[in-house]
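Hi,

Here is the structure I promised to pass on.

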Amino acid sequence: MPITTTHYILLSAALFTIGVVGVMVRRNIIIIFMSIELILNAVNINLIAFSQQLQNGIGQVFAIFVIAVAAAEAAVGLGIILAFYRNKETVNIDEMNVMRS
Amino acid sequence: MAQAIAFYFIAACILGFAVLVVSTKDTVHSVLFLVLDFLFVAALYVLLGAEFLAAIQILVYAGGIVVLYLFVVMLVNLKRPPEAHSDPHRRTMLGFLLAGAVLVEVGAIAIYGFSQPAMVPVPGAAMPVTGNTAQIGWLLYTSYLIPFEIASMLLLVAMIGAIVLAKREL
Amino acid sequence: MKYIWLIPILPGLGAAINGLIGIRSFSRKTAGVVACTMMGAALALSLFAFWQLLGLPADARAYDVVIAQWIPSIPLMTQHGVGGFQVPWGFRLDPLSGMMILVVTGIGTLIHVYSTAYMADEPRGGVARFFCYLNLFCFFMLMLVLGNNFVVMFVGWEGVGLCSYLLIGYWYEKKSASDAGKKAFITNRIGDWGFILGVFLIYQMFGTLDFRAVQNAAATMPVESVHFGVLSFICLFLFIGATGKSAQIPLYVWLPDAMEGPTPVSALIHAATMVTAGVYMVGRNAVLFTHAPMVMQIVAIVGVLTAFMAASIGLVQYDIKRVLAYSTVSQLGYMFTAMGVGAFSAGAFHLMTHAFFKALLFLGSGSVIHAMAGEQDMRYMGGLRKYMPVTFATMFIGTLAIAGIPPLSGFFSKDEILFRAFESNKAIWVIAVATALMTAFYMFRLVSMTFLGAYRGPAWESAGAAHGAPDDHGGGHGHGAWHGPHESPTPMTFPLMALAVGAVVAGLFGIPAALNGPNTIEHFLEPSFTAESHIADRGMRIAESGGIAEAAAIRTPQSEVRNEEAEPHVSRSVELGLMGFSVLIALAGIGLARKFYVTSPEISQGLAEQWAGPHRLLSNKYYVDELYDATVISGTYAGGRGLWAFDRHVVDGAVNGAGWLTVISAWFSGLTDRTVVDGLVNLVGRIAQEGSYWFRRLQTGLVQTYALVMVFGVFAFVTIYLFVR
């Protein structure tokens, strides 16, 4: 069957789910951040699929912004991880529970 | 036909590598799989006719962000196994279930939604130029100028923030 | 005549000057001069006004002048609809008030002159205060007699009561004096209650308080011979006021005690003027009284009983002033008897003559007391005739006058009263004659004990006034050691002589028709006692010549028709016989007194021991004061105590109860506050405390738990979306 937008949607959803699972399950914080990148990519795929379907450039512009934001977020997030690592000598998220009550 | 094959192949690669990213114990392998994932996503973009975005994807994501991750992985001491002890409060199985449920539901929505007669897509504004890159450039510098500028401000702020956070002595 | 309002104002001015400036800075002489000058000016003005009044024709002798409005017209309910209650400052000069102002200013001036010498021993400020009060009294008294409506008269009425209080209690540091002042004022007040009720009824009935208007309105009303109607009530209430002011039964008890005041006060106020205010008031309202025959009966009976009772008490008193006080009460009783039997002119005539000889007697007694350095008990006097000849002579004249010996004034006035009483009610006549006998007796007793016989007083060149005299004045004798009784100085003897002359000649105004006299005074005063609408007699039915022309007929001596009462045929011979009889009575009284006290004094002693019971009864004034004390005064005290107990228990109890209630309710609200309000607050805290435990469990500190929750949220949204769509 021809590749319709639905296929892209499903692909995007699957990638999204994999990313969410990675965020929830993995204990290494860096892996978690990478899973977040997967999620963002899934969103991008979705956007561009719709952009192609609707023949509108808006989707792609939005996707560019998503990429820009992901870059910024990765930079800052990794900076935080480094700072935390210097303090606590760990990247295990289970040990990052300073705000536990 | 060729498109279908290409799609399925790329899709399989994407998903496969994604699973590998999430499940690999070794962090560096995980980063590697992530890069490959990004590359295949770029290929997908080409398939979708968004060549500029594919280029951006490779340049920024695969070339910038992943490198960043690699740096940090190297900086972080990996002698100690990172998955040493887990918090008893974890609800791993629940997470799997929920994610799976969401996937199923979204799929149902998508399939159901697209079986309906599709609505007439809003045609984009007539543009004086053709070609993906020109098109995006045109949109970016006319209609979406302000978000563009704000995004650049955002990147500036993030850069400063990252520098501040990662410095040894402030 | 349009300046008659000045007549009261002049002594009022004198009172103001003496009161405001004199007490501080005037010398005794200056204060006296100021007061006497004002009184003299008032006397001159009165004489002039009187002369002008005589110039008017006999039936038009009335002059009203209004100098200001006091109370503007206030709508007030009367018998006949809503009337306007208004009170002007109005003064009226007519025969009755003309006679009164002459009496007041004339005798008043003489007494003022007398007082300059009598009060010379008082401290300087006290003299000024005395003259201030005396002038003030004359101001009020003149306003009383000159007022042309009830309210102005009442101002004077109250004012003389006030001045009486002030003057009786002049030596206020002496407890008996201040008590006497209070007694006088309070007893007066009780009478005033009756007077005020009468005035209220008058307004309610007639819608006006002007004398002339009331008289004219009352003249049209029927005579209440058979039933006790409104007019009778009015007259009864007015008479109650008169009993208070003029010391009749039952409110006479203040007059004997009023002798605590200085003797000039007793002379002016309690002999000549204030006590006659009641008589004047009855005379003023003669028209009203003639329309209420039952009340007139009451007036006559009360008057004659008072006369008899007071005379009986006076028989055994030893204080010279007390005797004269009871004599005053008795003579006032005579005046009321006259008013009661309808002889208004006779009563007024007796008022005038009594003013003369009673003032004379009081001033004479003052002279004696002054000479005896404050001694007032007659048992310690005697034989003063050779030391004080002028005083003796004048007092003897006064005694003859009061006893009713012709041709002195007392004879004519008293005899007129006796004659009218005989015509009206024989029983009253008998009692009145008995009283005349006693009057002659005790007056001559007084003269005998004081001036005749042997001297029983202290020897002089001794310790002077330190004699233990029971009624010593606060002043004492200012000459140092007492050098024995001596004649008084001229300012004191001159008024005595002047009054003696008056006592002799005043009678000439009232020589009755029976003796072929013109009976000037009766004709003169008659218009005052009748309503303007008809100058006829009280018995309207007897008026033969209705109209104004009768005014000429009245002037003729052959007007026995007018003198006749309900019994028309008391002939002239009977009248002459009665006159002779009363002279005999008077001589008998004098003779008895002479026997008891001059020739053989031991008889009186023996009688006193033999009739010890009645003697004690009379000496103690029939125990009336004690009776009043036991009933009325104790009752008032008990009432006061009862009310005080009420106040303590009920009123204070209520207040305390309210406080106690507040305490209880405060305890309750405290309880509420502790349990309910605090409980609520604590509950909220507990909820927060308990609930937070569960919410704390969300904060695992585990980031992935948060991510899990987010995913769960997404799942929920998607589920909802799925099932809604």
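Predicted model: local features only at pLDDT ≥ 70, side-chain atom pairs only at ≥ 80, totals over all residues.

Residues are numbered from 1 along each chain as its sequence is written, while chains are lettered from A and ligands numbered from 1 in the order in which they are written.

**Chains A and B**

The contact draws 61 residues from chain A and 68 residues from chain B (two residues are in contact if their C-beta atoms, placed from the backbone, lie within 7 Å). On the chain A side, the elements giving two or more residues are helices H1 (5–25), H2 (29–54) and H3 (58–88); helices (H or I, at least four residues) and strands (E, at least two) are DSSP runs, numbered from the N terminus. H3(A) gives the most, with 21 residues. By class, that side has 40 nonpolar, 17 polar and 4 charged residues (Ala, Val, Leu, Ile, Met, Phe, Trp, Tyr, Cys and Pro count as nonpolar, Asp, Glu, Lys and Arg as charged, and the others, Gly among them, as polar).

**Two helix pairs in chain C**

H17(C) (residues 409–424) packs against H18(C) (residues 426–451) at about 150°, with axes 6 Å apart. Axes are lines fitted to C-alpha atoms, for helices over the stretch in contact, and angles run from 0 to 180 degrees between N-to-C directions. The pair is therefore roughly antiparallel (under 35 degrees is roughly parallel, over 145 roughly antiparallel, 65 to 115 roughly perpendicular, the rest oblique). Residues making this contact include Leu418(C) and Phe422(C) of H17(C), and Trp429(C) and Val433(C) of H18(C). In total the contact has 8 nonpolar, 1 polar and 2 charged residues.

H3(C) (residues 95–118) and H20(C) (residues 520–529) pack at about 120°, their axes 7 Å apart, so they are oblique to each other. Pro95(C), Leu96(C) and Met99(C) of H3(C) meet Phe524(C), Leu525(C), Pro527(C) and Ser528(C) of H20(C). That makes 6 nonpolar, 1 polar and no charged residues.

**Pro88(C)**

Pro88(C) sits in strand S2 (residues 81–93) of chain C. It counts as buried because it has 20 C-beta neighbours inside 10 Å (buried means 20 or more other C-beta atoms within 10 Å of its own, exposed 12 or fewer, partly exposed in between; C-beta atoms are placed from the backbone). Leaving out residues up to four places away in sequence, Pro88(C) touches Val66(C), Ala68(C), Gln69(C) and Trp70(C).

Cheers
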